[in-house]
Each structure stands twice: as C-alpha cells, then as structure tokens.
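Dear colleague,

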Amino acid sequence: WCMAFLSATIQFKPAWGEADFNLGRILAAMENLSTRGVKLLVFPEMCISGYIFKNRAEIEPFCEAKDGFSFKRIADFCHRHNVYAVYGFAERAGDFFFNSQNLMGPEGLLATYRKTHLYEADRSWATPGDTGFLAVDTELGRLGLGICMDLNFDDFVDYHIEHKTQVLCFSACWLDEGFPVATYWLDRLWGYEQTILMANSFGEERGTQFRGESAVISGGHLIARAPVGAEDVLIIRHGV
C-alpha cells in the first residue's frame, strides 16, 4: 500500500434523465463523505443520467465529453477536497457514444475507461469500449476500473490479477434476478485476492429492476454489503 485511507462505495439511484439533479446529489454525497475523512468515492454505472435508453437519439442529450459538464464539477470538488472519485456516465467522443467511467484525482482526470463488454441495454446506443482494461498507479495504490457486464468475462478479472490491481473500482447497474448476487460475484472474482468496491444502482427504472446489494469483497470474502432497496454507503479502511 502507498497509504492508509477510507473508501466509500455508494449505492445510488439516479433520477432518469435528470442530469443536473443527479450531479447535485452526487456532489452532496461527496461533501458529506469527504468531511468524514473518505479519500476514495465510487459511484454506480451511468449515475449521471440513468441507465435505460431506447436508442442513440434518446441518450444523445445526456452524452458528454470525458471532460464535460459533470467532469468539471467533480474535478473541482476532488481538487479542493483532495479526494479521488470514480463515476459512470455516457461519453461522447466524436460520432461515438460509450458507456464510460472516469477516475478523478486531486490533480484532475487520471483515466477514462470505456465498458468493454456491453450488456444488451447498452447496444441500442453504445459502441464497445476501445480503451482496454485499465489500472492506474496513485498515492492510494493501484486503482482499477470496471463496469457491470465486464465481470461476466474472464479476461476482465484475469487482467486485474495479472496487473496486481489493489483496489478495483467497479460501477454497476446490476439487474435484480430475485436472488442475492454476492455468491455469483465471489465466483466470478475467483483468484482476485485484492479489494473490489462494487457500487450498484437499485430500484426500478423504466421497467427494469436493479438489485442494489452493493458490496465490498476483499481477499475472496464478502466484507460489506448494502441492502437491496435503499441508498447506502459502505465505508472501508484500506492499508495499515
């Protein structure tokens, strides 16, 4: 470890299509948690806009450059409060739209990861990511990025085992299929002995139900889990 620190895995349900409102709530949560000494904050997939969009035309108003409007406010917060944040958003890059995740630090944007393995709901608008899997060295250690469906594929976990990712910041809109998901997640993560912070959405959005049950898994064990149907924050100490 580079340093001891607190992380917060934030179970958050965005209001569909209300980007300004959602960003305000995200910043309020960051304010609250940073005053409690949290250094790394992880939010769910597509937490700026909501997740379910029918086509490119419907999501286009909510797509932004990786250094767009949500970036500017989150970057400013991270700089002023000396914290790191990971959040999911709909990215526009030229004519392409991606389901993306920004890793922000006190000095600005450290990485933008574009979801490699798309879920069927992404395919109506998103292009498969072209960044490859990512792990970034920071003062907190080596931070990895990942989004939801990626976990269903061996190449994702194999990458983070091979690259010795110390904290995997995982943003999800994981579906509720009527049973606890932690056992499945543990199975998919087999061989990854470091820590993963799994921030999920919850509740119903446009007829789709998300599971909640955000989790922290470390050393192959479930060490914290959020409830199914409510906002929650899992605060964990890392390092010495």
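Six strands form an open sheet in the order 6-7-8-9-12-13, and their pairing is mixed. Here helices (H or I, at least four residues) and strands (E, at least two) are DSSP runs, numbered from the N terminus, and two strands pair if DSSP finds at least two bridges between them. Strand 6 (135-138) and strand 13 (221-225) are the edge strands, each pairing on one side only. On average, neighbouring strands of this sheet are turned by 20° against each other, direction ignored. Axes are lines fitted to C-alpha atoms, for helices over the stretch in contact, and angles run from 0 to 180 degrees between N-to-C directions.

This is a predicted model, in which local features need pLDDT of at least 70 and side-chain atom pairs count only at pLDDT 80 or more, whereas totals for chains, interfaces and linings use all residues. Residues are numbered from 1 along each chain as its sequence is written, and side-chain values use heavy atoms, with hydrogens and water left out.

Within the sheet, strand 8 (residues 167-172) and strand 9 (residues 195-200) run parallel and are joined by six bridges. Cys169 has Leu197 in strand 9 as its bridge partner. Helix 4 (residues 154-162) packs on the sheet and touches strand 6, strand 7 (141-147) and strand 8, contact meaning heavy atoms within 4.5 Å. The direction of helix 4 makes about 175° with that of strand 7.

I turn now to the salt bridges, defined by a side-chain nitrogen of Lys or Arg within 4 Å of a carboxyl oxygen of Asp or Glu. The count by this rule is 15. One of them joins the side chains of Glu139 and Lys39, at 3.8 Å from N to O. Glu139 lies in the loop between strand 6 and strand 7 and Lys39 in strand 2 (residues 38-42), so this pair ties together parts 100 residues apart in sequence. Glu139 is partly exposed at 35% relative accessibility, while Lys39 is buried at 12%; buried means under 20% relative accessible area, exposed over 50%, and partly exposed in between (1.4 Å probe, protein chains only).

A further salt bridge links Asp176 and Arg211, at 2.9 Å from N to O. Asp176 sits in the loop between strand 8 and helix 5 (182-188) and Arg211 in strand 11 (residues 208-211), 35 residues apart. Salt bridges with shared partners join Asp176, Arg211, Glu213 and Arg225 into one network.

Yours sincerely
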